[in-house]
Amino acid sequence: MSRRDPDEMTIAPDGRPLAEQPKWRRDFPIDVPEDHYVARREFTKFLALTSFAFAVGQAWIFAKSLLGRHRSFPELSVARLADLPIGGSLQFDYPGPGSPKLLVRLGQGELVAFDARCTHLSCPVIPQVDRGRFHCPCHQGNFDLTSGRPLSGPPRRPLPKVKIELRGEEVFAVGVAESTP
Amino acid sequence: MNGRSRFSRAQRTSILSGIVSIVVLIVVLQLWLLTATINAHLGGNLAVAAPAAAASLLCFVLVAGLLRYVYRLDR
């Protein structure tokens with residue numbers, strides 16, 4: 001009598017021999033250890049696909065950062081100084097439509113401009129010049145009015161700063177500065 | 001499965017469990033790397049994207065190598 005290779009034997013979940021199993025299980029036997037092995041192997045395959053997706057995501061961010069590094073910004077006339085009182089603010093789109101920015105006049109020749117969207121969940125921020133901050137009403141986030149750094153609330157990243165130039169009486173937006181996380 | 005493998009099924013199952021554990025660790029590391037890179041990228045920090053992409057690619061190569069080994073186990 002030849003001994004069977006243990007790897008070829010079908011093992012039921014309770015471990016008892018096939019002869020002691022009910023008829024339905026003898027008719028449709030499930031090799032549980034083999035089932036476990038195949039399930040783990042398929043799971044490893046799924047994880048490899050997930051790993052590939054993460055690597056592609058990283059490559060996409062890298063490609064975007066390469067494009068962003070060589071990005072040039074147009075010059076845009078934003079406002080005339082006479083039209084913006086001290087303590088006043090003005091919203092404009094820069095560098096293109098759908099990118100709202102806020103220009104705030106802090107003093108005689110002192111102007112700042114930042115992205116108008118909160119870095120938490122993109123709610124519009126409100127300049128509160130008397131309190132020295134931009135306030136996000138959605139989750140009570142606050143940013144410093146002069147630097148754009150987060151002061152309190154959920155935001156962790158500063159508001160992106162718009163580079164502005166004062167040429168005579170006219171205010172120009174000339175670029176968006178890189179911010180640090 | 002066909003008896004030609006160097007290892008018995010019990011041994012292969014143990015090896016596979018170890019490989020799954022390592023792969024899970026690598027994938028979790030990649031997930032952490034991706035979230036940290038997205039956070040830095042949104043914050044305007046473009047310098048981290050290149051080393052993070054290289055690290056993630058290396059992780060994928062490791063995972064692909066382990067998967068290849070898993071399939072070779074069955075031969």
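**Reading the model**

A: Buried residues make up 27% of the 75 residues in chain B. The model is a predicted one. Chain B contains two helices and zero strands.

Q: How many residues of chain A are in contact with chain B?

A: The size of an interface is often given as the accessible area lost when the parts come together. Here a residue count is used: 32 residues of chain A are in contact with 40 residues of chain B. On the side of chain A that touches chain B, there are 14 nonpolar, 10 polar and eight charged residues.

Q: How do helix 2 of chain A and helix 1 of chain B lie relative to each other, parallel or antiparallel?

A: The crossing angle of the axes decides the matter. The axes of helix 2 (residues 32-69) of chain A and helix 1 (residues 9-42) of chain B come within 9 Å and cross at roughly 20 degrees. Because angles under 35 degrees count as roughly parallel, helix 2 of chain A is roughly parallel to helix 1 of chain B. The crossing of helix 2 of chain A past helix 1 of chain B is left-handed. The residues of this helix contact comprise 17 nonpolar, 12 polar and four charged.

Q: What is the order of the strands in the open sheet of chain A?

A: Strands of a sheet pair through backbone hydrogen bonds, either parallel or antiparallel. The open sheet has three strands in the order 2-3-4 (chain A), and the pairing is antiparallel. Strand 2 (89-93) and strand 4 (111-115) of chain A are at the edges with a single partner strand each, so one side of each has no neighbour in the sheet. On average, neighbouring strands of this sheet are turned by 25 degrees against each other, direction ignored. Strand 3 (residues 100-105) of chain A pairs with strand 4 of chain A over five bridges, in the antiparallel sense. Within strand 4 of chain A, A:Phe114 is the residue opposite A:Leu102.

Q: Which backbone features deserve a second look?

A: Most residues other than glycine have a negative phi, and most peptide bonds are trans. A:Tyr94 and A:Pro95 are joined by a cis peptide bond, with omega about 0 degrees. A:Pro95 belongs to the loop between strand 2 and strand 3 of chain A. A:Ser122 has a positive phi, near 65 degrees, and is in the loop between strand 4 and strand 5 (126-128) of chain A. A:Gln140 also has a positive phi, near 55 degrees; its loop runs between strand 6 (133-136) and strand 7 (141-144) of chain A.

Q: Why does A:Gln140 count as exposed, and why does A:Ser122 count as partly exposed?

A: A count of C-beta neighbours settles this. A:Gln140 counts as exposed because it has 10 C-beta neighbours inside 10 Å, whereas A:Ser122 has 13 and so counts as partly exposed. The limit for an exposed residue is 12 or fewer.

Q: Where is A:Ile30 placed?

A: A:Ile30 is in the loop between helix 1 (23-27) and helix 2 of chain A. A:Ile30 is exposed, because 11 other C-beta atoms are within 10 Å. A:Thr10 is 20 residues from A:Ile30 in sequence, yet their C-alpha atoms are 6.8 Å apart in space.

Notes
Residues are numbered from 1 along each chain as its sequence is written. Chains are lettered from A and ligands numbered from 1 in the order in which they are written. This is a predicted model: local features need pLDDT of at least 70, side-chain atom pairs count only at pLDDT 80 or more; totals for chains, interfaces and linings use all residues. Axes are lines fitted to C-alpha atoms, for helices over the stretch in contact, and angles run from 0 to 180 degrees between N-to-C directions. Helices (H or I, at least four residues) and strands (E, at least two) are DSSP runs, numbered from the N terminus. Angles under 35 degrees count as roughly parallel, over 145 as roughly antiparallel, 65 to 115 as roughly perpendicular and the rest as oblique. A crossing is left-handed if the near helix is turned anticlockwise from the far one by less than a right angle, and right-handed if clockwise. Ala, Val, Leu, Ile, Met, Phe, Trp, Tyr, Cys and Pro count as nonpolar, Asp, Glu, Lys and Arg as charged, and the others, Gly among them, as polar. Two residues are in contact if their C-beta atoms, placed from the backbone, lie within 7 Å. Two strands pair if DSSP finds at least two bridges between them. A residue is buried if 20 or more other C-beta atoms lie within 10 Å of its own, exposed if 12 or fewer, and partly exposed in between; C-beta atoms are placed from the backbone.
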